[in-house]
Amino acid sequence: GMAELVRQIVVWGQAALGTQAGLYVLTDFTEELIFWLLLGLAAIVFFIGWWVGRSRLGFALRIIGNDEMVAIHSGINTARAKVMLFVISSTFAAITGALVAPRWSYVEPTIAFSPFISFQVVIMALLGGVHRLWGPLVGVIPFTLLWEVINSNFPTQTTLLLGISFLLIVYFIPHGFVGLIEDMAARRKPGHG
């Protein structure tokens, strides 16, 4: 929703100022440099995620996730915790967008704030599992392969199939692949009949 709001504001601002619809991104960034920058950024994101998970903010977010009313009655400023997490995650999303923009050489609001990108990120995270820091990584590869099959075989039904895949993941594997793996491992332990 926030991406769509920002897209509409940018489009309105460009129309009001009479500027062009998009921007040319002309840099000498190579594919290899972009890859290494994104890999370095991924390492930083995982470190920050690990650190947040072990901080007071992470503790507050876990309580909020379990029961927001309990968190409020425990004295946790839920609005502040949510805004802090939003700022952290959106900062890395903005940096990622800035690093990927040179690959396209021309960026406009409909590309930069595409709802497909927002849904894809959420689906990848859900498919892998959101209860572990490394869970979303597990969802990237299968979803990318699934998306390529959908895109090449059903180019006019991508939105519909993206929505259906989202529903199937939520209903059939709510804890993602990581949750399935952990459930199978727990069942194999002695004492779980």
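## Briefing: contacts, salt bridges and a nonpolar patch

Leaving aside residues up to four places away in sequence, Thr158 touches Phe116, Trp147, Ile150 and Asn151. This is a predicted model, and the tour below starts from that residue. From there we move on to three salt bridges, three aromatic pairs and a nonpolar surface patch of about 950 Å².

**Around Thr158**

- Thr158 belongs to helix 9, which covers residues 158–172.
- Is Thr158 buried or exposed? Its relative accessible area is 9%, under the 20% limit, so Thr158 is buried.
- Trp147, one of the residues that Thr158 touches, comes up again in the next group.

**An aromatic pair in helix 8**

- The structure holds three aromatic pairs. In the pair of Phe143 and Trp147, the ring centres are 6.2 Å apart and the planes lie at 20 degrees, so the pair is stacked.
- Phe143 and Trp147 both sit in helix 8, and because they are four residues apart there, about one helical turn separates them.
- Both Phe143 and Trp147 are buried.

- Side chains of opposite charge can pair when their charged atoms come close.
- Glu31 and Arg103 form a salt bridge, with 3.3 Å between the closest N and O atoms. This pair links distant parts of the chain, as Glu31 is in helix 2 and Arg103 in helix 5 (residues 78–104), 72 residues apart.
- Lys82 and Glu68 also meet through their side chains in a salt bridge, at 2.9 Å from N to O.
- Lys82 counts as partly exposed at 39% relative accessibility, and Glu68 counts as partly exposed at 30%.
- Arg132 pairs with Glu182 in a salt bridge whose closest N and O atoms are 2.7 Å apart. Distant parts of the chain are linked here too: Arg132 is in the loop between helix 7 (115–128) and helix 8 (135–153), while Glu182 is in helix 10 (residues 176–188), 50 residues apart.
- With a relative accessibility of 40%, Arg132 counts as partly exposed; Glu182 is likewise partly exposed, at 34%.

**The nonpolar surface patch**

- Which residues make the nonpolar patch of about 950 Å²? They are Phe47, Trp50, Trp51, Leu133, Trp134, Leu137, Val140, Ile141 and Leu145.
- Helix 2 and helix 8 are the elements that give two or more residues to this patch. Helix 8 gives the most, with four residues.
- From the helix 2 side, take Trp50, which lies within residues 31–53 of that helix. Its relative accessibility of 40% falls between the 20% and 50% limits, so Trp50 counts as partly exposed.
- Where does Trp50 stand relative to Leu133? Their C-alpha atoms are separated by 7.2 Å, although Trp50 and Leu133 are 83 residues apart along the chain. Both of these residues are among those that make the patch.
- Leu137, another patch member, is found in helix 8.

Terms used: Residues are numbered from 1 along each chain as its sequence is written. This is a predicted model: local features need pLDDT of at least 70, side-chain atom pairs count only at pLDDT 80 or more; totals for chains, interfaces and linings use all residues. Side-chain values use heavy atoms; hydrogens and water are left out. Buried means under 20% relative accessible area, exposed over 50%, partly exposed in between (1.4 Å probe, protein chains only). Contact means heavy atoms within 4.5 Å. A salt bridge is a side-chain nitrogen of Lys or Arg within 4 Å of a carboxyl oxygen of Asp or Glu. Rings of Phe, Tyr and Trp (its six-membered ring) pair if their centres lie within 6.5 Å; planes under 30 degrees apart count as stacked, over 60 as edge-to-face and the rest as tilted. Patches are made of residues with over 30% relative accessible area and no salt bridge: like charges are joined within 9 Å, nonpolar side chains (Val, Leu, Ile, Met, Phe, Trp, Tyr) within 5 Å. Accessible areas come from the Shrake-Rupley method with a 1.4 Å probe; for residues, only the protein chains shown count as cover.
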